[in-house]
Amino acid sequence: SLHSWCAHFVEVRVDADFGTVRVSRMVSALDSGRLYNPKLAESQWRGGIIMGIGQALLEEGVVDPRYARVINNNLGDYLV
């Protein structure tokens, strides 16, 4: 998993009146190397995609501009 990469392309629609965001289309390209269990890999891909959408729409990642480190990287700062 150290050398696996992916790219996600997402099309969203924003309702200007209500401020709601909906994902209308998404495509991902993944380079995972040799797969020993394709079903497991597909589940991991889907879970990662869903987690990424959730993070992009609902969560905030705060980065310290001086040191480029994530400031809220623990569950104590997690937005619920």
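1. Secondary structure. This predicted model has 1 helix and 4 strands. Helices (H or I, at least four residues) and strands (E, at least two) are DSSP runs, numbered from the N terminus. Read from the N terminus, the order is β-β-α-β-β.

2. Overall spread. The radius of gyration is 16 Å, well over the 12 Å given by the globule rule for 80 residues, so the protein is more spread out than a compact globule. That radius is taken over C-alpha atoms, and the globule rule is 2.2 Å times the number of residues to the power 0.38. The C-alpha trace spans about 45 × 35 × 25 Å along its principal axes.

3. Basis of the model. Residues are numbered from 1 along each chain as its sequence is written, and side-chain values use heavy atoms, with hydrogens and water left out. As the model is predicted, local features need pLDDT of at least 70 and side-chain atom pairs count only at pLDDT 80 or more, while totals for chains, interfaces and linings use all residues.

4. Burial and surface. Of the 80 residues, 4% count as buried. Buried means under 20% relative accessible area, exposed over 50%, and partly exposed in between (1.4 Å probe, protein chains only). The accessible surface is about 7500 Å², and carbon and sulfur atoms hold 57% of that area. These areas come from the Shrake-Rupley method with a 1.4 Å probe; for residues, only the protein chains shown count as cover.

5. Contacts along the chain. Take the contacts with a separation of 6 or more: 19% of them join residues 24 or more positions apart. Contact means heavy atoms within 4.5 Å.

6. Charge. There are 8 positive and 9 negative side chains. The centres of the two sets lie 9 Å apart. Lys and Arg count as positive, Asp and Glu as negative; His and the chain ends are not counted. Each charge is placed at NZ of Lys, CZ of Arg, CG of Asp or CD of Glu.

7. Asp 64. This residue is in strand 3 (residues 63-64). Asp 64 counts as buried because its relative accessibility is 16%. Residues up to four places away in sequence aside, Asp 64 touches Arg 69 and Ile 71.

8. Ala 7. Look for Ala 7 in strand 1 (residues 5-15). Its relative accessibility is 30%, so Ala 7 counts as partly exposed. Beyond its neighbours within four places in sequence, Ala 7 contacts Val 27, Ser 28 and Ala 29. Ala 7 and Ser 28 are 21 residues apart along the chain, with 5.7 Å between their C-alpha atoms.
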